[in-house]
Structure formats: structure tokens, C-alpha cells
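Visitor: Could you walk me through this one? I'm new to reading structures, so please take it slowly.

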Amino acid sequence: TDKVLVHNDKIVFYSTMDTRVEIIHIVNQKLIGEYELQLPVVSALAMSDNVFIRTQNSITSLGFKKRFLMGIENWTKELGNDVQIVSFHTLFNNVFALAKSGDLFCLNGASGNIINKTNLNNYSAVSFHHDDKPRSIVTYDGAFLTGIDPHNGEPLWKIRELNVWWPNNHI
């Protein structure tokens, strides 16, 4: 399936059936850059001057500006052949990737380094909630509310709570 992501006068073309990503400037329609991944793209998110591309087990950061002699790749982080990423989010200059194992990886958005890894109980029911202040993220997996520090991915607290209802303010 062909998909597009539009951000800051740039358009990112990708397909869930292909490994190629193209970034084009909307106004002058010039190609900023192309990138070939190891696996097909699952989804993409934009933050600041970067687009984050998710495959089954990796996240790649591409810049919206082509740098002299460097191309558009900022970094790629493979989380392992046995890791299957089920969702990912950008928040406060970090990238959070939730794996099927229940592991929540917090990656530095600028470098791709893993800052922290926290295990949540039930990956299939996890929802992420936060406000606009960079204080905390709350995850809910159907059984536990967990507070996560958005700056380093560390768990702040965990409370067993069933049947929590959330308004539509989750990421």
C-alpha cells in the first residue's frame, strides 16, 4: 500500500510493500533524497526536521535536508531479529517503540541510542496518554497504569487498575 506523510513543506513517499523511501519538497517538487531500507516500511512519523521510519524490527531517522556528502540518513537502530515492533511514537525529542514482547524502548531521537527499556505487561492493549507538558507519559495495558518519564523512558510508578476509561487524548 502506498502512503504519504506531509510535514513542514516536505512529502515522504513510502509503501508497506517496498523498502524505498523518497522525500520531496512540496513547493519546488525537487527530490531531497531517497533511502533504501532492509525491510519494507510499516509506518512513519515526523518530528522537527526528521522523519522516523519503522520496519518490523528497526527504526530509521531520515533528515528533511540533504547534507553535503552525507545523504539523508541520520541513524538506524535495529532492535534485534527477535523483536517485532507493534507501535511507535515520538515525544519530547525521543522515540518510543513498543515490541510484541511488551518491551517499551526509549530511543534518543537525535542519536538513535537506546536510553531505556521497560517491560509493560500486555502489548496488545497498551495505550499511551500524556498532556502537553513534558512531565510524564501514562501507559495503560488493561491491568496496570504505568508512569513513564518521557525524557529517559524510566518507569516512575506502576498501579494495578482495571477498567480504566480514557477520553480521546492518547497518542
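Guide: Let's settle one word before we start: a contact means heavy atoms within 4.5 Å. This is a predicted model, in which local features need pLDDT of at least 70 and side-chain atom pairs count only at pLDDT 80 or more, while totals for chains, interfaces and linings use all residues. Residues are numbered from 1 along each chain as its sequence is written, and side-chain values use heavy atoms, with hydrogens and water left out.

Visitor: OK, so what does Asn-94 touch?

Guide: Not counting residues up to four places away in sequence, Asn-94 touches Met-47, His-89, Cys-106, Leu-107, Asn-108, Gly-109, Ile-115, Pro-150, His-151 and Asn-152. Asn-94 belongs to strand 10, residues 94-99, where strands are DSSP runs of E with at least two residues, numbered from the N terminus.

Visitor: And is Asn-94 buried or exposed?

Guide: Asn-94 counts as buried because its relative accessibility is 5%; buried means under 20% relative accessible area, exposed over 50% and partly exposed in between, with a 1.4 Å probe and protein chains only.

Visitor: Which backbone oxygen does its side chain reach at 2.7 Å?

Guide: That is the backbone oxygen of Pro-150, and the side chain of Asn-94 also reaches the backbone oxygen of His-151, at 3.1 Å. These are polar contacts (N or O atoms within 3.5 Å; within protein, one must be able to donate a hydrogen and the other to accept it, and residues adjacent in sequence count only if both atoms are side-chain atoms).

Visitor: How many aromatic pairs turn up in the whole structure?

Guide: A search of the whole structure finds one, where rings of Phe, Tyr and Trp (its six-membered ring) pair if their centres lie within 6.5 Å, and planes under 30 degrees apart count as stacked, over 60 as edge-to-face and the rest as tilted. The ring centres of Phe-52 and Trp-75 are 5.9 Å apart and their planes are at 45°, so this pair is tilted. Phe-52 lies in strand 6 (residues 50-54) and Trp-75 in strand 8, so to speak linking distant parts of the chain, 23 residues apart. Both residues, Phe-52 and Trp-75, are buried.

Visitor: Last one: which ring does the charged end of Lys-158 sit over?

Guide: The charged end of Lys-158 sits over the ring of Phe-144, 4.9 Å from its centre, and the charged end of Arg-160 sits over the ring of Phe-144 as well, 5.4 Å from its centre. Here NZ of Lys or CZ of Arg must be within 6 Å of the ring centre and within 35 degrees of the ring normal.

Methods
Helix = DSSP H or I, 4+ residues; strand = E, 2+ residues; numbered from the N terminus.
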